Each structure stands twice: as structure tokens, then as C-alpha cells.
Amino acid sequence: QLQLVESGGGLVQPGGSLRLSCAAPGSTLQTHAIGWFRQAPGKEREGVSCISRSGDSTKYVDSVKDRFTISRDDAKNTVYLQLNSLKPEDTAVYYCAVFKRAIAAIVRLHCPGGEYVEVWGQGTLVTVSP
């Protein structure tokens, strides 16, 4: 069974950068569209970004456009989320997720919601604070 492992979270000052990684030990991510979600304290989970199976289509929520970059390295079986120009409001637990195969093509139009996730990672905490 596919399992996702996130890493790369931590404490960073405003304006700083982090790179989150999402790996699937023993499985392959190549045939899956992948998303990153986040949940801030006291807030609902929100979709942040998603990437198509081929990697040629990416989408972002407006609040992170031009600051975050999603990418995938199929040779390393890993999906990344590069976080730049971080703001305190980016503080959250970040989750990577594998979307259900049946809706994978939707990623080319917009990021599917959490109800279309087949597998969730355990999350990695990003804290942006002076």
C-alpha cells in the first residue's frame, strides 16, 4: 500500500525559504497526480498546489502564486514544494496527497479538493516567525 512521507518543514523567519519533500518508499508516484495541502491552527485545510502525472501542469492557490513552486522528480520518486518569501500566515502543517486516479486529469484544470485524495501523508510543520 502506498505511503507518503513528508519532510523539510521547520522554523523559518519571514522572507525565508524551505523545500518540502514528499516521498513514497517502496512505491511509485509516477502514475499519480499529487497535491499539497495545508492546515493552519484553528483553520480548515486548504489546497495549496497540485501537479499532473506528467509534471507539465501545475496549479496554485492565489495566496502562494509566485512564491511557491511544485515539482516532481520521478527518478527520485519524490515531489517537492519550494516555499519562498515565506510569511507568518504560511504557518501550517503541510500535507502531500495522492489524488484518486479517476480524477487525475482534473489537475490540468484546477486542484481537486481533499475529498478526491486517495492517500495522505503524515504532514510536516512549517512555522514562519521572527
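**Entry 1: a starting pair**

I started in strand 8, where Leu 83 is the bridge partner of Phe 68. Strands here are DSSP runs of E with at least two residues, numbered from the N terminus. I noted that this is a predicted model, where local features need pLDDT of at least 70, side-chain atom pairs count only at pLDDT 80 or more, and totals for chains, interfaces and linings use all residues. Residues are numbered from 1 along each chain as its sequence is written, and side-chain values use heavy atoms, with hydrogens and water left out.

**Entry 2: around strand 8**

I followed strand 7 into strand 8. The two run antiparallel and are joined by six bridges. Two strands count as paired if DSSP finds at least two bridges between them. Thr 69 faces Gln 82 of strand 8. Strands 7 and 8 make a hairpin, with four residues between them. In that turn, Asn 77 has a positive phi of about 55 degrees.

Next I looked at strand 3, residues 18-23. It pairs with strand 8 over six bridges, again in the antiparallel sense. Leu 18 stands opposite Leu 83.

How much of strand 8 is covered? Five of its six residues are buried, so I wrote "mostly covered". Buried means under 20% relative accessible area, exposed means over 50%, and partly exposed lies in between (1.4 Å probe, protein chains only).

**Entry 3: salt bridges**

I searched the whole structure and found six salt bridges. A salt bridge is a side-chain nitrogen of Lys or Arg within 4 Å of a carboxyl oxygen of Asp or Glu.

Arg 67 forms one with Asp 90, the closest N and O atoms being 2.7 Å apart. Where do the two partners sit? Arg 67 is in the loop between strand 6 (58-60) and strand 7 (68-73), while Asp 90 is in the loop between strand 8 (78-83) and strand 9 (92-99). They are 23 residues apart, so the pair links distant parts of the chain. Both Arg 67 and Asp 90 are buried.

Asp 62 and Lys 65 form another, at 3.1 Å from N to O. Asp 62 has 62% relative accessibility, so it counts as exposed. Lys 65 has 42%, so it counts as partly exposed.

Arg 72 and Asp 74 also meet in a salt bridge, at 3.2 Å from N to O. Arg 72 is buried because its relative accessibility is 15%. Asp 74, at 27%, is partly exposed. I also found a network: salt bridges that share partners join Arg 38, Glu 46, Arg 67 and Asp 90.

**Entry 4: the whole chain**

Last, I stepped back. The protein chain has zero helices and eleven strands. Why can I call the chain as compact as a globular protein of 130 residues? Its radius of gyration is 14 Å, close to the 14 Å from the globule rule, so the description holds. The radius is taken over C-alpha atoms, and the rule is 2.2 Å times the number of residues to the power 0.38. Of the 130 residues, 44% count as buried.
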